[in-house]
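Please open the model in your viewer and keep the selection panel at hand. The tour below goes from one selection to the next.

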Amino acid sequence: MQPIAQTFFVAGHQARQLLSSRRFWMVVVIALLPPFLAHLTVDPERPMHHFAPVAVLLSLNILAPLAGLLLGSTVISEEVEAKTLTYVFTRPIPRVSLFLGRWLACTLVVSAVLAISGAYVGWHADQFEPASFSKPSHGPLPAGLAMRFVGAMVLCGALYTTLAAGLSTTWRRPIVFGLGYAFVWEMVVANLPGSTQRLSMQYYLRGLLIEPSPDSFERRLPPFILQAEYLPPLDSLTRLLGFMVFLLIVGSFTVRRKQYLLSS
Amino acid sequence: MNALIEAHNLGKWYGEVIGLSDLSVNFAPGITGLLGPNGAGKSTFMRIIVGELKPSRGELKVLDMTPFANRKLYPYLGFAPQQDALYESMTGYGFVRHLLRLGGFTRSDASARAKRAMEQVGLQDAMNRPCKGYSKGMRQRTRLAQAIAHDPELLVLDEPLTGLDPVARRQIMELFRSLAEAGKSLIVSSHVLHEVQSLTDSIVLLHRGRLLAQGTVGDIRSLLSSHPREVALSARKARELAVALVARPHVQRVELVDDENLVVRTRQLDALYEELPGMVQNLQPGLRSMKSSDANLESVFDFLVQ
C-alpha cells in the first residue's frame, strides 16, 4: 500500500473504532444539547433572539470545541496510554500516515455529528416567520446564516480536533492542555475588547458568521462580541484553514521524530 | 560482518536514569538469549533494536539498517513487547489481521496469515473471542502471533514465556525451535534462565545496562577460572568424605547437609575431579551421586552479577 492508501486505511479503521467508543457517545450527547435547547427555548416571535446565544455562545464557544477536543485527544496519546503504540509503530507504514489517518477519522466523525447538530439548530430557527420587526433582534435569520453556521460548526469541530491531535503527539493528557487552551485562554482572549481577539480561533470562527452589513446577524449578537472588527468571512476561513494545516504539519513532524516511552 | 545486529558503544539514558551504557555487542543468526535481572536494560535494548527508541549515543545496525522509525526494516522484523496490551475490543484474530493489513497485506492474505499465526501459537479455538476476555497466557500468545504472522527474518521477543502454563510454554518453545530451523533468527529475553538455556546455548548477559558477558554457556564458564564452584555429593559415609575433602588445599568449604549429603566448594573443579576417585577408593564412602549444582546458567548468572 502507498502512504496515501495507508492513511485512508487507518482512517477507516479508526472511524469504526470510534463509533463503538464511549467518547463518541459523549460527543453525540454534547452535540444533542444545542438542538435540545433550541427546541426548548425558541420563541416563534423572535427566533433570532434565541438562535444567537445557542449558536455562538453555546455551540461555537463551548460545545463544538469540547467535542473536538474529546475525539482529537485520542489520536496518538490513546495508543500511548493503552501501550499499543508499539504494534503500529513497528509496521511498515509511515508514522505520519498513522497520525493523519487517525486525525482524519476523528475530524470526519466530529464534523458529521456537529454538522447534524448545527443543521437542526439553523433549520429550527429558520422555520418561524416573526410577527414583529420592530426590533432588530426580532427579525428572521439572515439569508444563508443557517448554512454558514453549519459550516462554522464543522470547522470549529475540525479545528479543535486538530489542536488536540497535535497536542496528543506530545502529551499523554492532551485533553487537559486542550481544555486549558479552549476554556481559559480562548475564553479570556476572545472576549476582550479590541484587536486582542485576533489571537483566538473563536475570533475567526465568529468572522464566518458576521458580515459587515448593517442588517446582518451581528446586530443581534451580544455586545461584547461586537466590540471587535471582524475580517470578511473568506479571510477568516483562510486563516483558520491555514492554522489547521500548521497544526497538522507540527503534529506530523513531532510524530515522526518523537520517541514514545511505554513503561511496562 | 554477518551479524544481524551490531551495536557499538550504545548508550541510552532517561534523564538521569541509565538504561544502557556503552554497550557493544553483535548478534549472530539463530536463537540468542538476552538475559539479565529486572532493570538490566533488556527491554530498553529491544526497543532500540525495533526502532521504537533512539540511542542517546553510539550506533546500532539491525539487518544493516538504522532502526529508528525505519519502515524499510519492519517487513523483516517481528516484535512481541513485554507490556500486556492488545486492542481489547477486537478479537485475537482481528487484532493480528488488522496489523497485517497495516503492514500492507491484502485482505485475503492477511486473513490467511492471521489464521495460520493463531494456529501456530495454539489459539485457533479462541481466536474469534474478544481480547478483553483472554487469559494472561492467551494474551501472551496473541502478542506472539502478531510478531510471527508476517513471516519476519528477525523476531525480537521480550519475555515471551511469561504467563504461559507449562504445556503452552513447551508448545511455544517448540515453535521457537521450528522457526529457528526454518532459518529465522530470534532474540529472546528472559530472567527465567533455565528456559533460555533449554532453547539456546548462545547468550548475552546484561546487567545495569552493561554487557556482562556474551557467548555460549561453556565459553562463559571457561572465563570463570577464579569462580568457586560447588559440587553436591551423596554418599553413605558423607561425614568421613567431608573430613577428607576439607583437608585439600583447593577446597574452600564443605557443607554437610545431612548424614548422607554434602556440598563441596572448590576453586579448582578439575583438581577435585582428579582426586575424588582416589579418595573414594581409599575411604569407600559409598558414593551414590555427584552433581555440579552450578554448572547451569543460573549459577553463572548469579556469579557474574555479584
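In the classes used here, Ala, Val, Leu, Ile, Met, Phe, Trp, Tyr, Cys and Pro count as nonpolar, Asp, Glu, Lys and Arg as charged, and the others, Gly among them, as polar. This is a predicted model, in which local features need pLDDT of at least 70 and side-chain atom pairs count only at pLDDT 80 or more, while totals for chains, interfaces and linings use all residues. Residues are numbered from 1 along each chain as its sequence is written, chains are lettered from A and ligands numbered from 1 in the order in which they are written, and side-chain values use heavy atoms, with hydrogens and water left out.

Select first the contact between the chains (heavy atoms within 4.5 Å), to which chain B gives 32 residues and chain A gives 30 residues. On the side of chain B, Glu52(B), Arg71(B) and Leu102(B) lose the most area to chain A, together 23% of what that side buries (buried area being the accessible area, with a 1.4 Å probe, that two parts lose on being put together, summed over both). The residues of that side of chain B divide into 16 nonpolar, nine polar and seven charged.

Next, look for salt bridges across this interface (a side-chain nitrogen of Lys or Arg within 4 Å of a carboxyl oxygen of Asp or Glu): the rule finds zero between chain B and chain A.

Finally, select Gln17(A), Ser21(A), Glu78(A), Ala82(A) and Arg102(A), which lie nearest the centre of the largest pocket among its 33 lining residues. A pocket here is an open set of points on a 1 Å grid over the protein atoms alone, where a 1.4 Å probe fits, with protein on both sides within 12 Å along at least five of seven lines, and lining residues have an atom within 4 Å of a point. By class, this lining has 13 nonpolar, eleven polar and nine charged residues.
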